[in-house]
Amino acid sequence: MNIVFMESLGMDEKAVRNACRTLEGMGHRVRFYAERSEDEAELIKRAENAEVIVISNVPLHKSFFDACPALKMISVAFTGVDHIDLNACREKNITVCNAAGYSTRAVAELSIGLMIAVYRKIVEGDKDVRAGGVRRFLGTELGGKTVGIIGMGAIGQAVARLVQAFDCKVIAYNRSPKEVAGVEFVDKQTLFKKADIVTVHIPLTPATRGFVSTAEFALMQPHAILINTARGPVVDEDALFEALRNNQIAGAGIDVYGQEPPLPAGFELFDAPNLVMLPHEGFATCESFAARLGIVVNNIEKWLAGTPQNKVD
């Protein structure tokens with residue numbers, strides 16, 4: 001099999017080669033590209049004659065798959081797969097496996113970090129000190145707050161465990177019934193009405209696009225804040241801007257957007273008050289990248305053995 005790592009995945013070639021020793025020992029050819037590219041012509045060139053590719057969150061469209069007839073399997077070094085044309089993969093019988101679980105702890109911890117950054121105005125405080133200033137704000141404590149978690153998959157449940165350590169009450173909304181220790185499940189409207197902090201942990205699908213929009217912000221308490229470390233389009237950015245500008249909510253912390261950073265000059269949310277913005281780094285830790293490499297390689301090994309894991313239907 002011709003196996004192509006279409007990008008470095010944040011690891012050097014030596015680490016990738018070490019992870020692929022079993023595959024190469026079985027006679028499979030592994031190629032590695034250090035530089036990330038989103039140019040489709042370049043991606044097609046890299047995938048030429050490849051039967052297996054490894055990719056993170058680079059978009060792959062039908063035209064890419066049409067140009068890569070040898071392709072049989074994609075090991076996605078990411079949890080979400082909304083950037084891949086899954087219909088084209090189904091039509092061409094290409095197996096898609098994701099790296100489920102590699103960044104659960106990383107994203108959950110960053111969600112807590114954003115809560116504290118918004119509540120304690122950490123970004124503003126840093127700027128003040130560097131400008132020779134003094135404290136201008138009173139912060140807010142996380143302890144004792146009601147945290148509303150949207151989506152109780154692995155990351156949502158990890159966030160629930162962490163905030164309970166801060167003595168928070170946890171309520172949650174999930175599309176299917178679940179039982180999680182210490183968590184009260186409520187309907188969507190109740191969550192937005194009662195939560196001091198709303199934190200989003202659902203995948204992007206046609207049903208979840210714009211899941212948090214004008215109507216939801218109208219339900220939130222004026223002192224409440226929103227955290228989004230899931231997918232950008234799950235939260236309507238225009239509605240978020242208006243909610244912050246009109247003081248419908250007290251603040252927000254976001255790591256994801258309708259497009260991948262770098263964001264364009266004049267991006268509307270740059271002018272939103274009480275907003276902490278990060279460059280989509282929730283998944284990016286040394287520990288998670290090492291785990292991710294192991295998962296994507298193991299996905300390939302399992303698929304070759306006829307027992308695929310983490311398969312996306």
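Colleague: Why does histidine 280 count as buried?

Modeller: In this predicted model, histidine 280 has a relative accessibility of 10%. Buried means under 20%, so histidine 280 counts as buried. You will find the residue in the loop between strand E12 and helix H12 (286–304).

Colleague: What makes the phi of histidine 280 worth a remark?

Modeller: Most residues other than glycine have a negative phi. Histidine 280 is not a glycine, yet its phi is near 55°, a positive value. Aspartate 167 is another such case, with a phi near 65°. Aspartate 167 sits in the loop between helix H8 (154–165) and strand E7 (169–173).

Colleague: Is aspartate 167 buried or exposed, and how do you know?

Modeller: The relative accessible area of aspartate 167 is 60%. Exposed means over 50%, so aspartate 167 is called exposed.

Colleague: And alanine 265, why is that residue called exposed?

Modeller: Its relative accessible area is 83%, and the cut-off is over 50%, so alanine 265 belongs with the exposed residues. It lies in the loop between strands E11 and E12. To get a sense of distance, look from alanine 265 to glutamate 91: 174 residues separate them along the chain, and their C-alpha atoms are 39 Å apart.

Colleague: What makes the bond between proline 261 and proline 262 a cis peptide bond?

Modeller: Omega is about 10° there, and the peptide bond joining the two prolines is cis. Most peptide bonds are trans. Proline 262 lies in the loop between strand E11 (251–254) and strand E12 (275–277).

Colleague: Why is glycine 156 called buried?

Modeller: Its relative accessible area is 1%, and buried means under 20%, so glycine 156 is buried. This glycine is part of helix H8. Setting aside residues up to four places away in sequence, glycine 156 touches Ile149, Gly151 and His201.

Colleague: What makes the pair of methionine 1 and histidine 28 a polar contact?

Modeller: The backbone nitrogen of methionine 1 is 3.1 Å from a polar atom of the histidine 28 side chain. A polar contact needs N or O atoms within 3.5 Å, so this pair qualifies. Glutamate 51 is in the loop between helix H3 (40–46) and strand E3 (52–55). Leaving aside neighbours within four places, it is in contact with Met1, Asn2, Ala70, Leu71, Lys72 and Met73.

Colleague: Which residues of helix H11 are buried?

Modeller: In H11 (residues 237–245), they are Ala239, Leu240, Phe241, Ala243 and Leu244. Their cover includes helix H10 (214–219), strand E10 (225–228), E11 and E12. At the start of H11, a side-chain oxygen of aspartate 236 comes within 3.0 Å of the backbone nitrogen of aspartate 238. Just after H11, asparagine 247 has a positive phi of about 60°.

Colleague: Stepping back, how do you know that the chain agrees with a compact globule?

Modeller: For 313 residues, a compact globule would have a radius of gyration near 20 Å, and the chain has 21 Å, so the two agree. The C-alpha atoms fill a box of roughly 60 × 50 × 35 Å along the principal axes. The chain has 12 helices and 12 strands, and buried residues make up 48% of its 313 residues. Of the contacts between residues at least 6 apart in sequence, 60% join residues at least 24 apart.

Colleague: How many positive and negative side chains does the chain have?

Modeller: There are 33 positive and 38 negative side chains, and the centres of the two sets are 4 Å apart. The accessible surface comes to about 15100 Å², with 50% belonging to carbon and sulfur atoms.

Technical notes
Residues are numbered from 1 along each chain as its sequence is written. This is a predicted model: local features need pLDDT of at least 70, side-chain atom pairs count only at pLDDT 80 or more; totals for chains, interfaces and linings use all residues. Side-chain values use heavy atoms; hydrogens and water are left out. Helices (H or I, at least four residues) and strands (E, at least two) are DSSP runs, numbered from the N terminus. The radius of gyration is taken over C-alpha atoms; the globule rule is 2.2 Å times the number of residues to the power 0.38. Buried means under 20% relative accessible area, exposed over 50%, partly exposed in between (1.4 Å probe, protein chains only). Contact means heavy atoms within 4.5 Å. Accessible areas come from the Shrake-Rupley method with a 1.4 Å probe; for residues, only the protein chains shown count as cover. Lys and Arg count as positive and Asp and Glu as negative; His and the chain ends are not counted. The place of a charge is taken as NZ of Lys, CZ of Arg, CG of Asp or CD of Glu. A polar contact is a pair of N or O atoms within 3.5 Å; within protein, one must be able to donate a hydrogen and the other to accept it, and residues adjacent in sequence count only if both atoms are side-chain atoms.
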